[in-house]
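Hi,

Here is the structure I promised to pass on. Please open it and follow along with the notes below.

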Amino acid sequence: MGADVYLSAAPYFQDNTFSYPYITIDEAVRTCDVIMLLRIQHERHDCFTGGIENYLEQYGLSEERGKEMKKSAIILHPAPVNRDVEIASNLVESRQSRIFKQMSNGVYMRMAIMTLLLQEWGLNMKNYLKNANSFGQTSKLERCDILIEGNKVKTIKPYISCEVDRVIDCEEQLLLPGFIDIHVHLREPGGEEKETIKTGTMAAARGGFTTVCAMPNTNPVPDSIEKLQHLQEMLKNEAIVRVLPYAAISKELAGEQLTKIPALAKREHLLSQMME
C-alpha cells in the first residue's frame, strides 16, 4: 500500500486473519501519521467490556490521546461519527481533523466510481427495444417500442424514433411489468446451505420477478425490531431485486407469545405466522 499499516481495536473486535499487526490505541496516536477511525455500531453489539459509556477512554481517540498525536498527524473517519464513543466530540472539528473534507471528497469519489462502473456495465446507455408485444388498455396484444436510459424506462410508445446506443429487436417477445411473488423462502440467515438472499433474488430476477416477499422461517426469526433491522440491512447489501420480508406474528414462530405487532407494522415489511 506504500505505507506501514497498523490496526487497533478492542480485543473482542480483533480479527486475526488480517496480515497487519495490532497495536494499542496509545501506541497508534503516538506513532502514526494518519489516524483512521471507524464507527462503532454499538446498537448491534452487547460485548462491550465495561459498557459502551467507557469505550472512549478504553479504546477510542479521547481528548487526552489527541494531545499525544504528532503535530502533523491528521484524523480521518468515513462518517457517520459516534461522538464520544470512538472519538471525543471536540476532536471531530479540531485543527487536525479532516473528517468533513473526507466526507465531501468521498461523494465525488463514489460518483466517479459509479460512473466508471455504469460505463463498464453499459447501464448509462440509451437502449431501444423495438417490436415488442404488450397488453394495452384494450387487453389485446399491441406492438410497442421501449426507450431505456440508464436503468430507467423513459418511454413506451407504438413507435419511437431517436438516436440510441443499442437496438434490441424484441419481435415475438412479450413485454410485461415486473412480477411479484408473495411467498418465497430465502432461508438466510441460518439456512444458507439451502438458499441465500443473493441466489434467491438472482433466480427471481432471472424469472422476471422484481418484488418478492420472504417468509420469516430464518434463524434468527425476525420477531423483533432489532432482528428485523439486521435482516433489512442484509437485504440492502445482498438482494438483487426488491424484497419485502415477513416479520413473525409470534415469538420464534411458536404460536404462543405475540410479537410487538404495532411496532413491527411501522416498518416496510409484512407480518406472517408460519410454522414448519
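A residue counts as buried when its relative accessible area is under 20%, as exposed when that area is over 50%, and as partly exposed in between. Keep in mind that this is a predicted model.

Start with Tyr55. Its relative accessible area is 5%, so Tyr55 is buried. Tyr59 has 25% and is therefore partly exposed. Tyr12 is partly exposed too, at 26%.

Now the rings. A pair of aromatic rings is described by the distance of the centres and the angle of the planes. The model has 4 aromatic pairs. Take Tyr12 and Tyr59: the ring centres are 6.3 Å apart and the planes stand at 85 degrees, so this pair is edge-to-face. Tyr12 sits in the segment before helix 1 (25-31), while Tyr59 belongs to helix 2 (residues 55-59), so the pair ties together parts that are 47 residues apart in sequence.

Next, Tyr55 and Tyr59. Their ring centres lie 5.5 Å apart with planes at 50 degrees, so the pair is tilted. These two are 4 residues apart in helix 2, which means about one helical turn separates them.

Which residues do ring pairs link into a cluster? They are Tyr12, Phe13, Tyr55 and Tyr59.

Last, look at the surface. Phe135, Leu141, Leu174, Leu176 and Phe179 make up a nonpolar patch there. Together they have about 470 Å² of accessible area. One of them, Leu176, is in the loop between strand 7 (174-175) and strand 8 (179-184). Leu176 has 38% relative accessibility, so it counts as partly exposed.

Best wishes

Notes:
Residues numbered from 1 in each chain as written. Predicted model: local features only at pLDDT ≥ 70, side-chain atom pairs only at ≥ 80, totals over all residues. Heavy atoms only, no water. Patch = residues over 30% accessible without salt bridge, like charges linked within 9 Å, V, L, I, M, F, W, Y side chains within 5 Å. Areas by Shrake-Rupley, 256 points an atom, 1.4 Å probe, with all protein chains shown as cover. Salt bridge = Lys/Arg side-chain N within 4 Å of Asp/Glu carboxyl O. Buried < 20%, exposed > 50% of the residue type's maximum accessible area, 1.4 Å probe, protein only. Phe/Tyr/Trp six-rings, centres within 6.5 Å; stacked < 30°, edge-to-face > 60°.
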